[in-house]
Amino acid sequence: MSIKSDKWIRRMAQEHGMIQPFVEQQVYGKGENRMISYGVSSYGYDVRCANEFKVFTNINSAIVDPKNFDENSFVDVKNDVCIIPPNSFALACTVEFFRIPRDMLIICLGKSTYARCGIIVNVTPLEPEWEGHVTLEFSNTTTLPAKIYANEGVAQMLFLQSDEVCAVSYRDRAGKYQGQCGVTLPRT
């Protein structure tokens, strides 16, 4: 299994629509226009967070149950920034829509800018032939409110190619998150 370079990522995005919309180079601002970078890097792709968030709240004293998730545990926020309460989390999704090739597995890692502020980004691997907007989970591990910026970089995708094609892909087994658009809550 090998990691894929910026040249491969560009080619797959342009010729096969693997990432849409696709940004061919690292984008970052300076001075008053500074931003958290996104786009192609040497061996990955830095994704952006869309501007729709679901912020966890416990006003209903609900129990978090992945088999019976209560949508009332979230407050919907549509904004260019999202404030996550202390020791809480929020869900969002990527601006980018992904179509994963059958011989690939994509690993997502949070950007260091957020990690250095105590904000952890969690995403499960993107499996072979999965497609959709990636649901992102932001955990605020601090005792202070934390800010997430929409339309800026939040995590990096690393593309790993197998030496052989899998027997059963995510599409083959009709995975429950196939084709998801927007922030997607737990499904059973």
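**Overall fold, core and local features of the predicted model**

The chain contains two helices and 13 strands. The model is predicted. Its C-alpha trace spans about 50 × 45 × 25 Å along the principal axes. The radius of gyration is 17 Å. A compact globule of 188 residues would have a value near 16 Å, so the chain agrees with that expectation. Of the 188 residues, 44% are buried. The accessible surface comes to about 10,100 Å². Carbon and sulfur atoms account for 49% of that surface. Among contacts between residues at least 6 apart in sequence, 74% join residues at least 24 apart.

The interior was examined next. In soluble globular proteins, nonpolar side chains tend to be buried together. Here, the largest nonpolar core has 41 residues. Those with the most contacts inside this core are Phe98, Leu126, Phe138, Ile148, Met157 and Phe159. A second, separate core has five residues, including Phe56, Phe69, Leu91 and Leu185. Leu126, in the largest core, shows how such residues meet across the sequence. Leaving out residues up to four places away in sequence, Leu126 touches Phe98, Ile100, Met104, Leu105, Ile106, Val134 and Met157. Two of these partners, Phe98 and Met157, are themselves listed among the residues with the most contacts inside the core.

Strand S5 covers residues 52-56. This strand is mostly covered, with four of its five residues buried. S5 pairs with strand S6 (residues 74-78) in the antiparallel sense, over five bridges. Within this pairing, Phe56 has Phe74 of S6 as its bridge partner. Phe56 also belongs to the second core. S5 pairs with strand S8 (residues 89-99) as well. That pairing is again antiparallel, over two bridges. There, Val55 stands opposite Ala90 in S8.

An unreviewed UniProt entry lists Glu137 under "active site". Glu137 lies in strand S11, which runs over residues 131-140. Is Glu137 buried or exposed? Its relative accessibility is 19%, and the cut-off for buried is under 20%. Glu137 therefore counts as buried.

Most residues other than glycine have a negative phi, and most peptide bonds are trans. Gln20 and Pro21 are joined by a cis peptide bond, with omega about -10°. Pro21 sits in the loop between strand S2 (19-20) and strand S3 (39-41). Asn151 has a positive phi, near 65°. This residue is in the loop between strand S12 (146-149) and strand S13 (153-161). Asn151 counts as partly exposed because its relative accessibility is 37%. Ala174 also has a positive phi, near 50°. Ala174 lies in the segment after S13. With a relative accessible area of 61%, Ala174 is exposed.

Key: Residues numbered from 1 in each chain as written. Predicted model: local features only at pLDDT ≥ 70, side-chain atom pairs only at ≥ 80, totals over all residues. Heavy atoms only, no water. UniProt positions renumbered as here; feature names shortened; annotations may be inferred. Buried < 20%, exposed > 50% of the residue type's maximum accessible area, 1.4 Å probe, protein only. Core = buried A, V, L, I, M, F, W, Y, C linked by side-chain atoms within 4.5 Å. Contact = heavy atoms within 4.5 Å. Rg over C-alpha atoms; globule rule 2.2 N^0.38 Å. Areas by Shrake-Rupley, 256 points an atom, 1.4 Å probe, with all protein chains shown as cover. Pairing = 2+ DSSP bridges.
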